[in-house]
Amino acid sequence: MSIQENLRSIKSSLAKEVTLVAVSKTKPIDDIMEAYNAGQRIFGENKVQEMVKKWEQLPKDIQWHMIGHLQRNKVKYMAEFVDLVHGVDSLRLLKEINKNGAKHNRKIGCLLQMHIAEEDTKFGLDQEELNDLIASDEFQAMQYIEIRGLMGMATFTNNTDQIRKEFKFLKLCFEDLSKKLPQISILSMGMSGDYQLAMEEGSTMVRIGSSIFGARNYQ
Ligand SMILES: *Cc1c(COP(=O)(O)O)cnc(C)c1O
């Protein structure tokens, strides 16, 4: 199936209130343009340099989401244009984003990443770290970031009970955080293999790559 056909079929399987991030990491400009011409405007990348290159070459009404783990020294390259940073998991990183937002006089949208998987290779905050972060004076003082919600990645497993449990936990964290930050609206969870489950558990944003663009040759 073509990229356009894949997109159409995925979109028809999404609930109305769920936003699709088309994860285009490792994929060429032509593939992104095919999705763009089918109406897709939100794309996700996990490497800053790659995202910057694509931003330079592609139409400016694309909203770029940084979905990967982010090093602080790379924030400056994307601060001018990035629409949403999904993987924010430390106060130090948030401070760097805030500093670069200030330089460009814009508020940069951020999702705080929670650690929900069993694997310890996946980044993210636990609940205590999340609470400490948002309670800190430094956090409260930041003017150039806008926390829009939470993001998480489930364990890479076929065990759907396990995945569901992790998504349920993230949804609970989201509801809890909503009491403290009532403006949040985004719960970013679900990828090609588990987005149906994620939607059942309350996802409002899914990040889908291989089911749209085909398998990747490298990460
Ligand atoms: C690559 C990636 C995705 C998309 O994965 P697919 O399985 O190809 O849909 C989603 N989220 C993150 C954080 C990723 O790095």
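**Exercise 1.** State how many nonpolar, polar and charged residues the lining of the second largest pocket has.

Solution. In this predicted model, the pocket is an open set of 1 Å grid points with protein on both sides within 12 Å along at least five of seven lines, and lining residues have an atom within 4 Å of a point. Step one: the lining consists of Lys107, Ile134, Ala135, Phe139, Gln140, Met142, Ile145, Glu146, Ile147, Lys180, Leu181 and Gln183. Step two: sorted by class, these are seven nonpolar, two polar and three charged residues. Step three: at least two residues each come from helix H6 (127-135), helix H7 (137-141) and strand E6 (145-152); E6 gives the most, with three. The pocket volume is about 200 Å³.

Residues are numbered from 1 along each chain as its sequence is written. Local features need pLDDT of at least 70, side-chain atom pairs count only at pLDDT 80 or more, totals for chains, interfaces and linings use all residues, and side-chain values use heavy atoms, without hydrogens and water.

**Exercise 2.** Find which residues of helix H1 (residues 3-12) are buried (under 20% relative accessible area), and what covers them.

Solution. Step one: Ile3, Asn6, Leu7 and Ile10 are buried. Step two: seen down the axis of H1, they fall within an arc of 100 degrees, so they line one face of the helix. Step three: on the other side, Arg8 and Ser12 are exposed (over 50% relative accessible area). Step four: the cover includes strand E1 (19-23), helix H2 (29-37), helix H9 (195-200), strand E8 (205-208) and helix H10 (210-213).

Note on methods
Buried means under 20% relative accessible area, exposed over 50%, partly exposed in between (1.4 Å probe, protein chains only). Helices (H or I, at least four residues) and strands (E, at least two) are DSSP runs, numbered from the N terminus. The arc is that of the directions from the helix axis to the C-beta atoms. Contact means heavy atoms within 4.5 Å. On a 1 Å grid over the protein atoms alone, a cavity is a set of points where a 1.4 Å probe fits but cannot get out, and a pocket is an open set with protein on both sides within 12 Å along at least five of seven lines; lining residues have an atom within 4 Å of a point. Grid points are joined across faces, edges and corners, and a volume is the space filled by probe spheres set on the points. Ala, Val, Leu, Ile, Met, Phe, Trp, Tyr, Cys and Pro count as nonpolar, Asp, Glu, Lys and Arg as charged, and the others, Gly among them, as polar.
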